[in-house]
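User: I'm new to this one, and I'd like to learn how to read its features. Could you walk me through a few?

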Amino acid sequence: MQERETKFELLKGDKVLWSVILLISFFSVFPVYSASSNLEYIVNSGTTTSHLIKHSFFVMLGLAIMRAVGWFKYEHIGKLSSYLLTLTIALLGLTMVSGQTIDGASASRWLKIPGTPISFQPSSFAYLMLVIYLCRYLTKKIKRERLPIENIFYIFGPVLIVFGLVAKDNGSTALMILMVSLIVMLMGQLDKKYILGFVGLSSVMIGVFMFLALKTDLIENNRVHTWMSRVETFTKKESQVEDEADKAKNYQVMQAKAAIVHGGIAGMGPGKSALKQMLPQSASDFIFAIIVEEYGFMGATVLIALYLIMIIRIVMIASKMPAFFGSLLVLSLGTMIFVQLSVNIAVAVNLIPVTGQPLPLISYGGTSMLVNYIQLGIILNVSSRIQVYDEEGMGKKQSIEEINDIA
């Protein structure tokens, strides 16, 4: 019996979720290897082999980090979240001052680690720490009437600060931060009058940001004009796209749609995409289009089914977890993954304007992938504790004192 427990210790937590993560991670190597030829021949960056090695390294590192997260109690991660959030906010501020671009990107989203060639996106980590912080704060203060100043300072303040620091260079992520934070507040049982207040305050802040970016020089090198151009391009009908400028703006979407149509039912086969060289960001933001082209509607359906199984298992873990903080944390992290997944696929099939959101666990890139693995590591951490709570005889109902102690 002891031998059997040792055998499964490597995959600590929900085994079905582990299996889905491993399958998606293993599959990601093939479309990334195929699409990375775009980086070699068009962007003149590295070789397909070097990109394959880099992606495989991040997959293995991510899996190792995901497992390592299981060594800590998730409650301790919650308690550290306020300090980690403060650190990531400071890094966001530093990025605004000394951030850099990568592969010709027009936004300075990356921060380079001094003395190394390694760069990362602080916005991804700030987003994660913000959600964990909100879960813990809402849990500790559940069922207690808060003063308005508390909500403004401890809830609205951190969300709007992170939004403001991210919005200049990454509008889609900034909007996702607001949306997911609002969902966390709803799930965390924050009084509805404060939620309405948050919506109003966020709307005002967005309006002020847009005004300052468009009408003044106070926010330099912002991307608001790019966002508006993308929305305008999206709302135009194909019959209205006549001049060369409009066609250039619509180029990514048209190539993605062509790749999806070209794939048909069964696909062209692994590595046989005909449009990967013509589709910008084919290894990252638009990799779903390449997957459909190479593996067809059937392959895309299998992949989406795996993602759905992942989301379903996350909801099941949250529903079985007796601790409110654990349940809220799992649902919130699952919401982050679901929103990112939905946005990436929606862009590829032209349901929403173009954004820069990667496909979870698949798109080429380091920071976002590692954050996804950390999220899933925390979820698996919580799932491994369900049995512990059962053995300790804890019921589904908890007193306020128990909830506060756990968080």
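Predicted model: local features only at pLDDT ≥ 70, side-chain atom pairs only at ≥ 80, totals over all residues.

User: How many salt bridges does the count come to?

Analyst: Side chains of opposite charge can pair when their charged atoms come close. The rule here asks for a side-chain nitrogen of Lys or Arg within 4 Å of a carboxyl oxygen of Asp or Glu. That gives two salt bridges. In one of them, Arg313 pairs with Asp14, with the closest N and O atoms 2.6 Å apart. Arg313 sits in helix α13 (residues 287-320) and Asp14 in the loop between α1 (2-7) and α2 (15-35), so this pair links distant parts of the chain, 299 residues apart. Helices, by the way, are DSSP runs of H or I with at least four residues, numbered from the N terminus.

User: And which residue does Arg385 form a salt bridge with?

Analyst: Arg385 pairs with Glu75, the closest N and O atoms being 3.0 Å apart. Arg385 is in helix α15 (residues 367-391) and Glu75 in helix α5, so the pair ties together parts 310 residues apart in sequence.

User: Are Arg385 and Glu75 buried or exposed?

Analyst: Buried means under 20% relative accessible area, exposed over 50%, and partly exposed in between (1.4 Å probe, protein chains only). Arg385 is buried because its relative accessibility is 16%, and Glu75 is buried at 8%. Arg313 and Asp14 are both buried too.

User: What span should helix α6 have?

Analyst: The expected span is 1.5 Å times one less than the number of residues. Helix α6 (residues 122-140) has 19 residues and should span 27 Å, and its end C-alpha atoms are 27 Å apart, which agrees. Of those 19 residues, 17 are buried. Helix α8, with 17 residues, reaches 25 Å, close to the 24 Å expected.

User: What covers the buried residues of α8?

Analyst: The cover includes α6, α7, α9, α10 (224-235) and α14. Among the buried residues of α8 are Gly171, Met176 and Val184.

User: Where does Asn170 lie?

Analyst: Asn170 is in the loop between α7 (148-167) and α8, and it is buried at 6% relative accessibility. Contact means heavy atoms within 4.5 Å. Leaving out residues up to four places away in sequence, Asn170 touches Arg109, Gln121, Ser123 and Gln357.

User: What about phi at Gln189?

Analyst: Most residues other than glycine have a negative phi. Gln189 has a positive phi of about 65° although it is not a glycine. Gln189 lies in the loop between α8 (171-187) and α9 (192-215) and is partly exposed, at 43%. Asn350, also not a glycine, has a positive phi of about 65°; it is in the loop between α14 (324-348) and α15.

User: Which residues form the nonpolar patch on the surface?

Analyst: A patch is made of residues with over 30% relative accessible area and no salt bridge, where like charges are joined within 9 Å and nonpolar side chains (Val, Leu, Ile, Met, Phe, Trp, Tyr) within 5 Å. Areas come from the Shrake-Rupley method with a 1.4 Å probe, and for residues only the protein chains shown count as cover. Here Leu80, Tyr83, Leu84 and Leu87 form the patch, with about 420 Å² of accessible area together. Leu84 is found in helix α5 (residues 74-98) and is partly exposed, at 34%.

Conventions:
Residues numbered from 1 in each chain as written. Heavy atoms only, no water. Helix = DSSP H or I, 4+ residues; strand = E, 2+ residues; numbered from the N terminus.
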